[in-house]
Amino acid sequence: MPDDDWLRSLRPQPKRVSAEEYEALPEEIARTIEVVDGYVVFCAAPTPEHQRVVRRLTTLVERYAREAMDRGHPCVEVDFDIDLRLRDVPFLNRRPDVVLYQCLDRESREGLRPRHVLLVCEVVSPGSETQDTVDKLGEYARAGIPHYWIVRTGGTGVSVIERYQLDRAAGLYKHVGTFMKEAGGEPKVNEPLPVTITWSELEY
């Protein structure tokens with residue numbers, strides 16, 4: 001190989017992070033990264049608008065989750081920016097914007113795994129288009145998460161919600177519908193539990 005070959009200027013890939021090493025990190029560091037195939041991916045600081053949408057969407061889904069439980073649905077929780085371990089080796093850990101999941105055993109400090117998750121929502125930011133619509137779409141499907149929503153924002157809040165449902169036989173998501181604010185109305189879904197999308201609640 002020639003001395004001036006461009007390959008010589010490339011930096012070696014850093015050492016992969018294991019699940020054990022990640023678990024040892026302080027929370028203030030862990031919340032700023034995701035780990036994909038063992039490699040650290042730094043998350044850009046979210047904008048205030050992004051954070052408002054995440055909070056409002058969490059509140060909306062949580063309200064309907066509580067109503068479902070009042071009607072006898074098994075215990076569920078709704079959180080944002082929480083660790084979701086998709087795979088142990090190579091280590092794959094995401095922190096979804098919003099996640100609806102079966103209640104965990106708090107006494108055993110059980111961690112969130114795909115088998116617990118009913119729905120993941122990712123709010124698309126200017127720098128996360130490929131991650132949210134390609135990378136995570138594939139990762140969540142391969143992990144067996146039954147429902148995935150891609151949420152897009154406009155000038156005043158949420159403008160579009162793309163809904164995907166897992167085809168378990170194929171191990172891929174099937175697009176099952178897109179809600180658009182400009183179409184008006186308050187669209188409803190029945191899975192993974194009944195939710196009515198009230199656009200005014202999802203404004204900045």
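Buried, in this talk, is under 20% relative accessible area, exposed is over 50%, and partly exposed is in between, with a 1.4 Å probe and protein chains only. By that scale Asp37, at 32%, is partly exposed. Before going on, the conditions. This is a predicted model, where local features need pLDDT of at least 70 and side-chain atom pairs count only at pLDDT 80 or more, while totals for chains, interfaces and linings use all residues. Residues are numbered from 1 along each chain as its sequence is written, and side-chain values use heavy atoms, with hydrogens and water left out.

Back to Asp37. It sits in the loop between strand S1 (33–36) and strand S2 (39–42); helices (H or I, at least four residues) and strands (E, at least two) are DSSP runs, numbered from the N terminus. Asp37 is not a glycine, yet its phi is positive, about 55°. Asp81 also has a positive phi, about 50°, and is partly exposed at 34%.

Two cis peptide bonds next. One runs from Val89 to Pro90, omega near -15°; the other runs from Glu191 to Pro192, omega near 5°. Pro90 is in the loop between strand S4 (84–87) and strand S5 (92–94), and Pro192 is in the loop between strand S11 (188–189) and strand S12 (195–196).

Now the interior. A nonpolar core here is a set of buried Ala, Val, Leu, Ile, Met, Phe, Trp, Tyr and Cys residues joined through side-chain atoms within 4.5 Å. The largest one has 27 residues, and those touching the most other members are Leu100, Trp149, Val151, Ile161, Leu193 and Ile197. Helix H3 (48–70) gives the most to this core, eight residues.

Which residue does the side chain of Glu162 meet in a polar contact? Arg152, side chain to side chain, at 2.8 Å. A polar contact is a pair of N or O atoms within 3.5 Å; within protein, one must be able to donate a hydrogen and the other to accept it, and residues adjacent in sequence count only if both atoms are side-chain atoms. Glu162 is in strand S9 and counts as buried, at 13% relative accessibility.

Leaving out residues up to four places away in sequence, Ile197 touches Leu60, Trp149, Ile161, Phe179, Glu186, Pro187 and Leu202, where contact means heavy atoms within 4.5 Å.
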